[in-house]
Amino acid sequence: MIKYLSEDRCIQCNLCVKVCPTSVFDKVADHFPTISRQEDCQTCFLCEAYCPVDALYVSPMLDNTNEPLTVTPEESAMLGSYRQAIGWGKGRSSTASLDMTHILRDLVEDDAGPRS
Amino acid sequence: MGSGLKTFESDVLVLGGGPAGTWAAYTAASQGVKVVLADKGYCGSSGATAASGTNLWHVRSEPARREASIRRFLSRGNGLANRRWLEILYDHTKMGTEQLIELGYPFPLDEHGRPISRNLQGPEYMRLMRKTVRKAGVVILDHSPALKLITGERGVSGAAGVNLETGEEWSVHAKAVIIATGGCAFLSRALGCNVLTGDGYLMAAEAGAVLSGMEFSNIYGFSTEFSSCTKNFLYHWATFYREDNSVITNTDKRALAIEMQRAPVYARIDKASDAIQVAMRRSQPNFFLSFDRLGKDPFRERFPITLRLEGTVRGTGGINLVDDTCATNVPGLYAAGDAATREFVAGATTGGGHINASWAICSGRISGSAAADYALGTEAAAMRTQLHFRFTERHSAGKPARSMDMPSIVKSIQEEVIPYDKNLFRTETSMRASLARLNDLWKTIRLNEHDPNDVRALVRSREAASMIATARWMYTSALERKESRGMHQHDDYPAQDNGALYRVLISGVDSIRTQREPQSGGPDRS
Ligand SMILES: Cc1cc2nc3c(=O)[nH]c(=O)nc-3n(C[C@H](O)[C@H](O)[C@H](O)COP(=O)(O)OP(=O)(O)OC[C@H]3O[C@@H](n4cnc5c(N)ncnc54)[C@H](O)[C@@H]3O)c2cc1C
Ligand code: SF4
Ligand code: SF4
């Protein structure tokens, strides 16, 4: 569940408001967006993928509505780690080209699906 | 509703902007017709594919391989899969992936520098599809759930919904409508599935569409207990453990579910060599993200797992198709992706694994093309009859009742569909009891009145209604199928009835009707 929006990093581009499939954020004029409906977050990490300045942190835990909306120093160090993993952002290239799923698939399935 | 109404006119309207919807919109627009696409979330990040990634059918050029592959799928489809559709699926998967290469999807390359187009990374794929659709001139309405189809004398002529950001209503008047709103996972928190509440099934059924295969909607996926990461694939390399660290040797999902009903079950991905671990990390970045963030090592430490209901998302039920253009029985209405039945290609087994993702491409392409042709042959004048349709006008007619507590309604629905002892292990008695409670819930939700200025409440109410409707079709169809077949394991009829091969068609929202459609299937059916 979304846990944190860094007010220091945020450049108020509102991309997260736009891309969040479940409309968790609200746009605020001349201000960073608010996390208005945290309980609607589906933990898909996509806002992080789109945030150009790594200002968002999504906890992998499904239920953290009663935790404070801050990050620990360890979590802070992981800001942007999803974007890095998929190779999005300036100066990076998409890691989709490094995908090795086909190699794994050949180990466990044939043309019609899992070998039994 | 407070703030007004936006109307649009187009030739083709696509509801849902996942893979099926974007392929449909792109294909239709490429044929030169005007296309509007409305998505509940954001076209490009919403739906089951965008959040994860999907394997595709491994299609090759050699005819012998094509034939062998189709035969394997026919034999896996429990007699319900159909050769003609599998051939169409194979060929469209091939054409679709070739198009993706042209569009610039960064597939990995083989040793000869040729793209290996067998798997798609969700965020990358759907970002590309959004870009492609926009370039083709499609008008995209984001955060704009459709709530109702507009129908006239000649069938479907558009849809109406709301914009969650502005609070406005919208309506699109179109000559043909494609429903690509995905499946229904009952808000079970499967990855990327919170937007998938079966809205398209309800809209279609209200307009008179028939659904089929709804008994095949009880797929459960492996998930870490704490997260939403429903991924089955990597568990091929897992060992399953009980609390006391004893190994569970029967790893069939039903056997594991029995274990889980008693006590927590754990997994550890401990059968993966170092090289395989590297391949896994490259293939499924978000699976490992969750572990990395918690400081856990899934290759060395065991972690608690659960089975999360994915409903029709990896099941195979949906809106019935009457021909190979993805047309429904309602004129002007088409269905694609998880919104449509996948029995023709996956039968009673799961469509996940790679059929569904290929099907989204195939049915998107086919429906987009057919809807464009239909629109070109249809006069606009006939469509004007219903202009100025407004969602609220239609719906505020009912008598006001109290506004309901949606979270508690959703919980009541989930209590009937999620527990293993109700839906994975099906019996006549328990399904009838669930159905009775769901029928009551249906009557209740029909009376729900929400704050007219609160569009979110309106959407939540429609989602709940869609889930209740889906659950009622699911158990009604399951009761009709008095045998076990594929994912439908009926504990009162544990054997597959090979004498009677049929599909269960279902229709109606207040009163529900089923009909058996005899099939002449079998592996060699042509
Ligand atoms: C974790 C996971 C892994 C999977 N892996 C595989 C795999 O490897 N291989 C495979 O073949 N399949 C896989 N599947 C299944 C596959 O993801 C789906 O079959 C595929 O996404 C279907 O595409 P779709 O376009 O029909 O639906 P979706 O991708 O779900 O998109 C539906 C869209 O409709 C929108 N929508 C919903 N309601 C409305 C409404 N009322 N109005 C407007 N828009 C609406 C949603 O916002 C969404 O954007 C997987 C599923 C999951 C959950
Ligand atoms: S995407 Fe990032 S930078 Fe843009 S508004 Fe959201 S948090 Fe701020
Ligand atoms: S993780 Fe997904 S659902 Fe949650 S806030 Fe980010 S984009 Fe929205």
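Trainee: Which residue forms a salt bridge with A:D106, and how far apart are the closest N and O atoms?

Mentor: A salt bridge is counted where a side-chain nitrogen of Lys or Arg lies within 4 Å of a carboxyl oxygen of Asp or Glu. Here B:R118 pairs with A:D106, the closest N and O atoms being 3.1 Å apart. Between chain B and chain A the count is four salt bridges. This is a predicted model, in which local features need pLDDT of at least 70 and side-chain atom pairs count only at pLDDT 80 or more, while totals for chains, interfaces and linings use all residues. Side-chain values use heavy atoms, with hydrogens and water left out; residues are numbered from 1 along each chain as its sequence is written, and chains are lettered from A and ligands numbered from 1 in the order in which they are written.

Trainee: How many Å² do chain B and chain A bury between them?

Mentor: The size of an interface is often given as the accessible area lost when the parts come together. Buried area is taken with a 1.4 Å probe and summed over both parts. Chain B and chain A bury about 4900 Å² between them, 58% of it on carbon and sulfur atoms. In chain B, the residues that lose the most area to chain A are B:R118, B:R189 and B:R293, together 15% of what that side buries. The contact (heavy atoms within 4.5 Å) takes 61 residues from chain B and 50 residues from chain A.

Trainee: Where is A:N14 placed in chain A, and what is its phi?

Mentor: Most residues other than glycine have a negative phi. Phi of A:N14, however, is near 65°, a positive value. A:N14 lies in the loop between β1 (2–5) and α1 (15–19) of chain A; helices (H or I, at least four residues) and strands (E, at least two) are DSSP runs, numbered from the N terminus. Phi of A:S23 is also positive, near 50°, and A:S23 belongs to the loop between α1 and β2 (25–26) of chain A.

Trainee: Why does A:N14 count as buried?

Mentor: Buried means under 20% relative accessible area, exposed over 50%, and partly exposed in between, with a 1.4 Å probe and protein chains only. A:N14 counts as buried because its relative accessibility is 17%. A:S23 is buried as well, at 6%. In chain B, B:F288 of helix α8 (residues 285–294) is buried at 1% relative accessibility.

Trainee: Which residues is B:F288 in contact with, leaving aside its neighbours within four places in sequence?

Mentor: With those neighbours left aside, B:F288 is in contact with B:L234, B:M280, B:R281, B:P298 and B:F299. B:F288 and B:P298 are 10 residues apart in sequence and 8.2 Å apart in space, C-alpha to C-alpha.

Key. Buried area is the accessible area (1.4 Å probe) that two parts lose on being put together, summed over both.
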